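Me: I would like to learn how to read salt bridges in a structural model. Could you take me through the general idea and then through the case at hand?

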There are 2 protein chains.
Amino acid sequence: MARAAGGDGPADGTDSPNRTDRTDGADGAEGVPGHAVEEIAAAWQRERPGTPVSSIGVVTPLWQLAKLFGDDRRRVLTAAGMDVATLDLLSVLRRAGSPYTLTTRELAARSLVSAGAVSQRVARAERDGLVTRRPGTGRPRSVLVELTDAGHQRVEATVDDVLGREAELLGGLSAEQQEQLAGLLRLLLADVRRRLGDDERLTQVGLLPQ
Amino acid sequence: MARAAGGDGPADGTDSPNRTDRTDGADGAEGVPGHAVEEIAAAWQRERPGTPVSSIGVVTPLWQLAKLFGDDRRRVLTAAGMDVATLDLLSVLRRAGSPYTLTTRELAARSLVSAGAVSQRVARAERDGLVTRRPGTGRPRSVLVELTDAGHQRVEATVDDVLGREAELLGGLSAEQQEQLAGLLRLLLADVRRRLGDDERLTQVGLLPQ
DNA sequence: AGGTCTAAATTTAGGCATGAACGTACTCCG
DNA sequence: CGGAGTACGTTCATGCCTAAATTTAGACCT
């Protein structure tokens, strides 16, 4: 997605050769394909000694990976006539199991998006016949959202593709590395969630990825 | 974020009690504050045996963490009269060192956003007097973007806050754990970038975080 | 030398998210 | 019992991004 316009053509494949002859000089180790993250912290240190760079080693790649995975998923889904937000919604309902019904309140909590966003997601999905909406009997103004057959089918048709693709992208890491990484991320997530969510009720989770 | 409307009130503290009396039954270990990621893979397995869930342990927390860090950063910056996209732009220029000038082409590559997004970011920043734009002498239609003094000051005023805050959020992990995590993320990032970017020139990096 | 090709930036259209204002249906207390 | 509170879903304005169309400036070939 750092891609410019121009569809899927051969694009600028003839790109790297004449790369270092431009504006440079202010750029250090540029042109090297894999210079990456370390360079960012180093640049801050060089330009602004004392900058608290300790977080960069974790946060930057985290960010980039999320962006890369997200963009990739979007592309996969667009090709299948689907979009990320809708799949997220449908997946949460699908995963919940029969009767595939949840309140918008829970949907918000499990999707990690705002209540307003859920309202809009559900409205779109309802317009497309993928879910239905009806008043619930529980709390005050509660609303129950239920997956339709069409919605059910849409999930079945795309989930494996998306998850399979992601597994493929993780293929560069060994099973142990993946496990180790998953463990550390889980640990960090729990801690961060406690620090933020604690007094801010990001309470539940159950998010995005499928 | 996952908050509804209505300011900062005590919100739904009285929430968990009457939670299981609604739609549930299809919800397993719900209500538990920290049920999290494992539950997602388990739910897929239960509902749809054979679903390729192997990636979930890594991708889901990755995603959630990026969202949490991103939202938090946005809040910090909003309070300071700044926004994430602009700080990203200014930071890249600041880090590049004197003369704090880069082409839009490079800005796009280093920010991991589309060319159109860069155009808009620069236009906004220029309108606010944070950067200037002028034709370059290099390639055909190249444009040089340079940080103004005002832009320079804006970076100085916010970077430490943002980075400091992030370091704080990482505080739950020991230095070794952070390092280990950083290493695995770096490894994965390099590999993913190769798989995607290789034939698609997400070539450069140098992204977001600060 | 001139026409065509190519690559880069910008513009435009559309999607989705946040946050704040609303409307409203229970709850709880006097 | 009745009125204020309060929690929840929706609506609205705004922001940012992607993808596609558009504009334009050099490069290359004959």
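Me: Which residue of chain B does the side chain of A:Arg48 meet in a salt bridge?

Reply: Side chains of opposite charge can pair when their charged atoms come close. In this predicted model, A:Arg48 forms a salt bridge with B:Glu156, with 2.6 Å from N to O. Because A:Arg48 lies in the loop between α1 (36–47) and α2 (56–79) of chain A, while B:Glu156 belongs to helix α6 (residues 149–169) of chain B, the pair joins two chains.

Me: Are A:Arg48 and B:Glu156 buried or partly exposed?

Reply: A:Arg48 counts as buried, at 10% relative accessibility, since the cut-off for buried is under 20%, whereas B:Glu156 is partly exposed, with a relative accessible area of 29%.

Me: Which residues are linked with A:Arg48 and B:Glu156 in a network of salt bridges?

Reply: The network of salt bridges links A:Arg48 and B:Glu156 with A:Glu47, B:Arg94 and B:Asp160.

Me: How many residues apart in helix α6 of chain A are A:Glu168 and A:Arg165?

Reply: They are 3 residues apart in that helix, and so about one helical turn separates A:Glu168 from A:Arg165; their side chains meet in a salt bridge at 3.2 Å, N to O. Both A:Glu168, at 46% relative accessibility, and A:Arg165, at 23%, count as partly exposed.

Me: How many salt bridges does a search of the whole structure find?

Reply: Over all chains, the search finds 36 salt bridges, including one between A:Glu39 and A:Arg46 at 3.1 Å, N to O, where A:Arg46 is partly exposed, with a relative accessible area of 47%.

Terms used:
Residues are numbered from 1 along each chain as its sequence is written. Chains are lettered from A and ligands numbered from 1 in the order in which they are written. This is a predicted model: local features need pLDDT of at least 70, side-chain atom pairs count only at pLDDT 80 or more; totals for chains, interfaces and linings use all residues. Side-chain values use heavy atoms; hydrogens and water are left out. A salt bridge is a side-chain nitrogen of Lys or Arg within 4 Å of a carboxyl oxygen of Asp or Glu. Buried means under 20% relative accessible area, exposed over 50%, partly exposed in between (1.4 Å probe, protein chains only). Helices (H or I, at least four residues) and strands (E, at least two) are DSSP runs, numbered from the N terminus.
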